[in-house]
Amino acid sequence: MKDIILLGIESSCDETAAAVVVNGRKVLSNIIATQVKLHAEYGGVVPEIASRKHVESVIPVIDKAIKDAGITLNDVDAISVTYGPGLVGALLVGISAAKAIAFSLGKPLIGVNHIEGHIAANYISNSELEPPFICLVASGGHSHIVHVKGYRDFVVLGRTRDDAAGEAFDKIARVLGLGYPGGPAIEKNAVSGNPEAFSFPRVKFSDVPYDFSFSGLKTAVINTVHQFEQKRIPVPIADICASFQNAVVDVLVGNTLSAALDCNLEVVCIAGGVAANLSLRSRMERECRKNGISLYYPPVSLCTDNAAMIASTAYFYYVDKKWSANDLNALPGLKLEETAGIKDDVNKNA
Ligand code: KG4
Ligand code: ZN
C-alpha cells in the first residue's frame, strides 16, 4: 500500500503549527510557533492579537514543515486543518491557508476537530495503540472523558460543567502571581509543597458520575489566598499549589478510572496540555496498574497544541474518503460528538 502523506495545520488558540505525518503515525516534521510570550503580559490569550500573529506565522511555519519533512507540497496527499473548537479569528487563519493550498494543488481538504486531534496524539507515540479505550482529554479549553470506540467513533461520557482543568490551573496561577500558562508554573511550585496542607473540595455528581466541576475548587483556593493576604501572612505558595494540584489530579484520575472500569475497558489514554503534568501521569499510572489497565500518553511535546495530532486524525478520515468541501468554515463551539454529523454534511466529495 502506498504511504499516505498528510500536511496538518493548527491555529485554534495561541500556537501556529504545521506538521507532516505519514499514515497517521509517523511524524516527518512538527513545527510550532508559540505566542505564549506575547500573551503572558495579559495573563491569558488575547484573541485579536492571536489572530494577527497567526497571519504572520502561518506561511513560514507551513514552509518549514514541508522543508524539514524533506518533501515538496506536491508530495502531500491531503491538507488537514483544525476547524473547531477554538477562537474563531485564529481558526480562520489556518482554514484559509489550508483551503488555498488544497485548491491550488487540487488536493483534498480535511477539517479536523481539535479535541479528536488531542486523542490522536496517542497514536503517534504508541504505534500499537488501537481503539477501544477511555481517553481523558484535559486542556485549557476542554475536559472530557471519552469512550473512543473506533478511530472516528466517540462517545463523550463526561465533561466539565464549568472551567476546564487547564483553565483552573491558569486562573489559580494568575491569582498566585505565577504567570501564564499556569499549569507548568503550578507543577513546578508544587514540587516543594505539601499536597495535604489544604483540603480543597473534590466535586462528584450523582447523575453523571464522570462529569467535572472545577469552579468550587477555584473559589476555595482563591478564598484561602485572600485569607492569608488579609492577615498579612505570606501566602504558602508551594503548599497551595501542591494541594490544588492534588485535588485536580484526584478528580481526573478518579473519574477516568471509574469510566474505564464501568465500560470494562483495559486501556486508558490521557491527552491535552494537562496530560503533561507529571503528578497526573504518575497517579494515573499507579491506579491503572492496580486495576490491570494499560496506560498510554503522548510525550509532553504532543500533549500541548501541535499540528502532528491534526494530521494524524485526518489520516483516518482520508482513508474513508471523508474529506471536506471548499466552504469549510470555522466552528468555534464544535463538540466532539458533533463531528461525525458535520463531516457527513460538509463532505460533499466523500
Ligand atoms: O492542549 P493545550 O495546549 O491547549 C488547549 O487546547 O487548551 O493546553 C493548554 C493548557 C493550559 O491551560 C496549561 O496551563 C495546561 O494545558 N498545562 C498544564 C501543564 N502544561 C500545560 N497543566 C498542568 N500541568 C502541566 N504541566
Ligand atoms: Zn488543545
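In which loop is Pro181 found? Pro181 belongs to the loop between α5 and α6, shown in the first of the views below of this predicted model.

View 1. Tyr180 and Pro181 are joined by a cis peptide bond, with omega near -5°. The loop that holds Pro181 runs between α5 and α6. Both of these helices, α5 (165–175) and α6 (182–190), are among the elements that give two or more residues to the shell around ligand 1.

**View 2. Residues around ligand 1.** The shell around ligand 1 consists of 22 residues, of which the closest are His118, Gly140, Asp170, Gly183 and Glu187. Sorted by class, this shell has 13 polar, six nonpolar and three charged residues. Two or more shell residues come from each of α4 (114–125), α5 (165–175) and α6 (182–190). The largest share, four residues, is that of α6.

View 3. Gly140 places a backbone N or O atom 2.8 Å from an oxygen atom of ligand 1. For Gly183, a backbone N or O atom is 2.9 Å from an oxygen atom of the ligand. Asn277 contributes through its side chain, where an N or O atom lies 3.0 Å from a nitrogen atom of ligand 1. The ligand taken alone exposes 560 Å², and 90% of that is buried by the protein.

**View 4. Ligand 1 and the two domains.** Domain 1 comprises 5–119 + 303–342, and domain 2 comprises 131–297. Ligand 1 lies between the two domains, because both give residues to the shell around it.

View 5. The peptide bond linking Pro131 to Pro132 is cis, and its omega is near 5°. Pro132 sits in the loop between α4 and β6 (133–138). For context, most peptide bonds are trans.

**View 6. Asn23 and its phi.** Asn23 is a residue other than glycine with a positive phi, near 50°. Its place is the loop between β2 (15–22) and β3 (26–34). Most residues other than glycine have a negative phi.

Technical notes. Residues are numbered from 1 along each chain as its sequence is written. Chains are lettered from A and ligands numbered from 1 in the order in which they are written. This is a predicted model: local features need pLDDT of at least 70, side-chain atom pairs count only at pLDDT 80 or more; totals for chains, interfaces and linings use all residues. Side-chain values use heavy atoms; hydrogens and water are left out. A residue is near a molecule or strand if one of its heavy atoms lies within 4 Å of it. A polar contact is a pair of N or O atoms within 3.5 Å; within protein, one must be able to donate a hydrogen and the other to accept it, and residues adjacent in sequence count only if both atoms are side-chain atoms. Accessible areas come from the Shrake-Rupley method with a 1.4 Å probe; for residues, only the protein chains shown count as cover. Ala, Val, Leu, Ile, Met, Phe, Trp, Tyr, Cys and Pro count as nonpolar, Asp, Glu, Lys and Arg as charged, and the others, Gly among them, as polar. Domain bounds come from an automatic or database domain assignment.
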